[in-house]
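Hello,

Here is the structure you were going to look at. My notes on it follow below.

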Amino acid sequence: MIMEGLDIFCNEHWGYSHKNRRRYRMKIHEFQAKKIFADYGIPVPAGSVARTPEEARAAAETFGGPVVVKVQVHAGGRGKAGGIRLAQGPQEAFLLVRDLLGKNLVTHQTGPEGTLVRQVLIEQSVAIASELYLGIVIDRSLGLPVLMASQAGGMAIEEVAAAAPEKIIRAAFDPSAGLAADQIRELQSSLQLGADLQESFSRIAKALARLFVDKDCSLIEINPLAVTRDHKLVALDAKISFDDDALFRHPDLKELHDPAELDALEQEALKYRLSYIKLDGNVGCMVNGAGLAMATMDIIKHAGGSPANFLDVGGGASAEQVEHALCILLADSNVRAVLINIFGGILRCDRVANGIVEAAKKTSIDRPMVIRLDGTNAQEGRQILEESGLNFEVASSFDDAARRVARCAGR
């Protein structure tokens, strides 16, 4: 429940790290999330975005005293990677930002290539007494949003869930009703909050639940939610992801998307409404349907291969989209073999075959390609491939396709 969808499959199930889950939940930067928090009455530190060292120095001068310099990238683990630093004054902020901008920050979520630092958040330093965790995700088994809280703030919540699950308190709530008073009292008691913090915590928890529903979020996290030395609660970090399928209701949120946080192939896929996520393996995968994509990646792994991507052309893809999808797969230099696994329903197999042939005519296909077509017009699709004169391996079954492509990639 802590990590959703592709996070579970790619990080836990296969042990892969990958940089973006854009097609399943749109991420925004911390400074953008804090602006939304402030709109909902959730307290955040005073801060300013800087894109040059001079802007960082000016912001630090405005706040006075120590400031925190926070790299703004769509990746967790920034602190451990050196992306969050304390500056004692304006000149030190200037030097830190000069050192960070234009460099690649490498965290456990970016992969070895890292991600380019283009902007930082300069925040007024806060005197911290203790740290809490507060977040909301969807519990798929309950079909409800669940607010999670823990006294182990500042730590990776996945590690807490694995090592000490009893430290995470959960409260599922009805989206139309929000958090109930007795749920909030139970959370306050479990977190051992003093009387001076209970009203503030209640406001923050209710606001977080309202924000989650109002904006069609898939994830909200405050880690840490700081208890300050003067007995206040402040959201020191902010993470929000939105359900892509609901963005049509929120044109203002779509404007917050930062395409620079996607790599070139993922940006190209978005142009053609393709669901593409780059992974770390060497077998390119093209499928139609997210469930089939998951099953395909599983069986490739089982056959000894390693998926290089998640690419779903969808149920109504045109031959042109199939062509572009294949070009995107072949543009990845890590791909040593390609598996096209299509089950024809709404998407006819002959349309897929035509797209493959057209792409092959325009692109130099210099790597082995295994194709498995089944379902609507599968026979017609196979005939198009056979008559094309191109060199494809046509698999007879799902298992056969996985074995063939794993063998090709391992040559």
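Contact here means heavy atoms within 4.5 Å. Leaving out residues up to four places away in sequence, I240 touches M26, K27, I28, A33, I36, F37, L211, C217, L219 and I220.

This is a predicted model, in which local features need pLDDT of at least 70 and side-chain atom pairs count only at pLDDT 80 or more, while totals for chains, interfaces and linings use all residues. Residues are numbered from 1 along each chain as its sequence is written, and side-chain values use heavy atoms, with hydrogens and water left out.

A nonpolar core is a set of buried Ala, Val, Leu, Ile, Met, Phe, Trp, Tyr and Cys residues joined through side-chain atoms within 4.5 Å; buried means under 20% relative accessible area, with a 1.4 Å probe and protein chains only. The largest such core has 42 residues, and F37, L134, L147, F201, I222, I240 and F242 touch the most other members. Helix α7 (residues 195-214) gives the largest share, nine residues. Helices are DSSP runs of H or I of at least four residues, strands are E runs of at least two, and both are numbered from the N terminus.

In helix α2 (residues 30-39), the buried residues are E30, Q32, A33, K34, I36 and F37. Just after α2, G41 has a positive phi of about 80°.

Four strands form an open antiparallel sheet in the order β2-β7-β3-β4, where strands pair if DSSP finds at least two bridges between them. Because β2 (47-50) and β4 (84-87) each have a single partner strand, one side of each lacks a neighbour in the sheet.

Regards

Key: Buried < 20%, exposed > 50% of the residue type's maximum accessible area, 1.4 Å probe, protein only.
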